[in-house]
Amino acid sequence: MNAQLTEIMRLITSLIRTGTVTEVGRENWLCRVKVGELETNWINWLTLRAGGARTWWCPSLDEQVVVLSMGGNLETAFVLPAIYSNQFAPPSDSMDGGVTEYADGVWFDEYEPATGRWHVRGIKSMVIEAADNITFKTSELIVEADTTCINSEVVINGGVIDPGAPANGYVSVFAGNKWEPKEDHRGKTVWSTSDHTDLEIDYIGVIKDGFVTAAPATQYDKWDGSKWVTDTAANIRQRLPLLNSTRSGSLMRQ
């Protein structure tokens, strides 16, 4: 009875195990996984869809996965990706956002609900093919490029207005039916007047409230509305324990 119970417990604990991927066979869609001291034969990994709609995303070497073994037998197991590890930590700590980061550092699917922005960065090129048409619906479409090349006829159902050369530090923005100059600080670094946090501006328009282009000289600086002013009292309070310690050490040496 005890032997049977022991065997049943062994089978139960063998149903779900964790391991790391050691080999990937892309041609036959199989992989091998090291589970403890054991290594599986070539087994399938699970995917999101595998019918009329299909998805492909093969596991990476050393990726930590879950191994599901029918009857506790690794010969009939399946791999369920994936579990974070010290080697492959999460690419974000956002509570609501979603991020997909690739091995070359590309962030292709970063969406953050707090800002409402979908951000694709790090890619070298992008190709979108459509048999009929592509439609962009937005209040404003901005293209920033060293060179813009259109290899086709151009049909414009509306007026084309030359904004003229904007003044230094400004950019022309089409609003309604006319061009308007807007402040352009993109690429500049600003500092928070509340906690000294620095960030690079990536938007067009006036600098947001609570940020200034002047950098604080010390960690004790406070913004008085027009300039940074060092809080001398806070500086002294912070340094006082160190000064007392240095003074005590000098007295002891005497």
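Two strands pair if DSSP finds at least two bridges between them. Strands themselves are DSSP runs of E, at least two residues long, numbered from the N terminus. Keep both in mind.

This is a predicted model: local features need pLDDT of at least 70, side-chain atom pairs count only at pLDDT 80 or more, and totals for chains, interfaces and linings use all residues. Residues are numbered from 1 along each chain as its sequence is written, and side-chain values use heavy atoms, with hydrogens and water left out.

First, a sheet. Strand β11, residues 189–192, is joined to β12 by three bridges, and the two run antiparallel. Thr 189 stands opposite Glu 200 in β12. The open sheet has three strands, in the order β12-β11-β13. Its edge strands are β12 (198–200) and β13 (211–212), each pairing on one side only.

Next, the core. A nonpolar core is a set of buried Ala, Val, Leu, Ile, Met, Phe, Trp, Tyr and Cys residues joined through side-chain atoms within 4.5 Å. Buried means under 20% relative accessible area, with a 1.4 Å probe and protein chains only. The largest nonpolar core holds 11 residues, among them Val 33, Ile 43 and Trp 45. At least two residues each come from β2 (30–35), β4 (43–45), β5 (64–69) and β6 (77–83). The largest share, three residues, is from β2.

Now look at Ile 43. Which residues does Ile 43 touch, not counting those up to four places away in sequence? They are Leu 30, Cys 31, Leu 74, Ala 77 and Val 79. Contact here means heavy atoms within 4.5 Å.

Note on methods
Helix = DSSP H or I, 4+ residues; strand = E, 2+ residues; numbered from the N terminus. Buried < 20%, exposed > 50% of the residue type's maximum accessible area, 1.4 Å probe, protein only.
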